[in-house]
Amino acid sequence: MANLKEIRNRITSIGSTMQITSAMKMVSAAKLKKAQDAITQMRPYAEKLTELLQSLSGTLDASAGGAFSEQREISKALIVAVTSNRGLCGGFNSSVIKETIRHAADAYSDKQVDILAIGKKGSDLLGKQFNVIESNTQIFDELTFDNVAEIAQKVMDLFLEGSYDRVELVYNQFKNAATQITQVEQFLPIQAIEGSNNANLDYIFEPSKEEIVLQLIPKSLKTQLYKAIRDSFASEHGARMTAMHKATDNANELRDELLLTYNKARQAAITNEILEIVGGAEALNN
């Protein structure tokens, strides 16, 4: 059994760890509230805009913006993997990395797959197996639509140039603080809604459908990527808050066990000392 000094040192160390994990939990909880409000307010707009563009884009020819809907034979694919810059958030990063590797192996087993990494963790780990064409780790320092739009525009240009035949997003979708759902979402080409009659939509267009959609398609794609990164950002804080809560609880349980062990060891030491004193006194009397 460890001596009393070693047990006291372990109790002190665990107490310091608890202070750190508890503080990180509170910081993540404060950031989560803001991030959750942002994605909750944005999601209905982004989903409706994407649905509208999916319905309209299939009716357009390439010169009117249908190039973003062009279905090609896939020879090269680009996966945009959204992770975080820091760890200590449970399985948040590993779930995206594992899903990216699995999806690349299943869907593009005999094709070339490149990675555009958003977040340091994804860049570091996926770079060991794939060609990472770009790593963006500064986006979370100032997560704005304009900053994300620059990344989306680069991806759109690569698709239009023919550098890639398909672009997909892999990210964690925020459900609640304890639950994040790993999503694989097609970014380009734009998919038409299955079962919809694109030619007979009940819309009135002014000035024209072609002009409106030509302006909306780039904005819709940028909004789709912004929503994915916002989802991931909220999921990161939720995962970290949950992980730090569990870590604090586990540290508290371990500290209680060590305190019990310490008290037992201390009581045993006191008992031994009493026995030695009594034994010494008996020896003197004899």
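Q: In what order do the elements of the protein chain run from the N terminus on?
A: This is a predicted model. From the N terminus on, the order is α-β-α-β-α-β-α-β-β-α. That makes 5 helices and 5 strands in the protein chain.

Q: How does the radius of gyration of the protein chain stand against that of a compact globule?
A: For 286 residues, a compact globule would come near 19 Å, but the protein chain has 28 Å.

Q: What share of the residues of the protein chain counts as buried?
A: Buried means under 20% relative accessible area. By that cut-off, 41% of the 286 residues are buried. The accessible surface of the chain is about 15,500 Å², and carbon and sulfur atoms hold 51% of that surface.

Q: Among contacts between residues at least 6 apart in sequence, what percentage join residues at least 24 apart?
A: In the protein chain, 78% of such contacts do.

Q: Which backbone values deserve a look at Leu88 and at the bond from Leu188 to Pro189?
A: Most residues other than glycine have a negative phi, and most peptide bonds are trans. Leu88 has a positive phi, near 55°. The peptide bond from Leu188 to Pro189 is cis, with omega near -5°.

Q: Where are Leu88 and Pro189 found?
A: Leu88 is in the loop between β1 (76-82) and α2 (92-107). Pro189 is in the loop between β5 (179-188) and α5 (209-285).

Q: Does Leu88 count as buried or exposed?
A: Leu88 counts as exposed, because its relative accessibility is 56% and the cut-off for exposed is over 50%.

Terms used. Residues numbered from 1 in each chain as written. Predicted model: local features only at pLDDT ≥ 70, side-chain atom pairs only at ≥ 80, totals over all residues. Heavy atoms only, no water. Helix = DSSP H or I, 4+ residues; strand = E, 2+ residues; numbered from the N terminus. Rg over C-alpha atoms; globule rule 2.2 N^0.38 Å. Buried < 20%, exposed > 50% of the residue type's maximum accessible area, 1.4 Å probe, protein only. Contact = heavy atoms within 4.5 Å. Areas by Shrake-Rupley, 256 points an atom, 1.4 Å probe, with all protein chains shown as cover.
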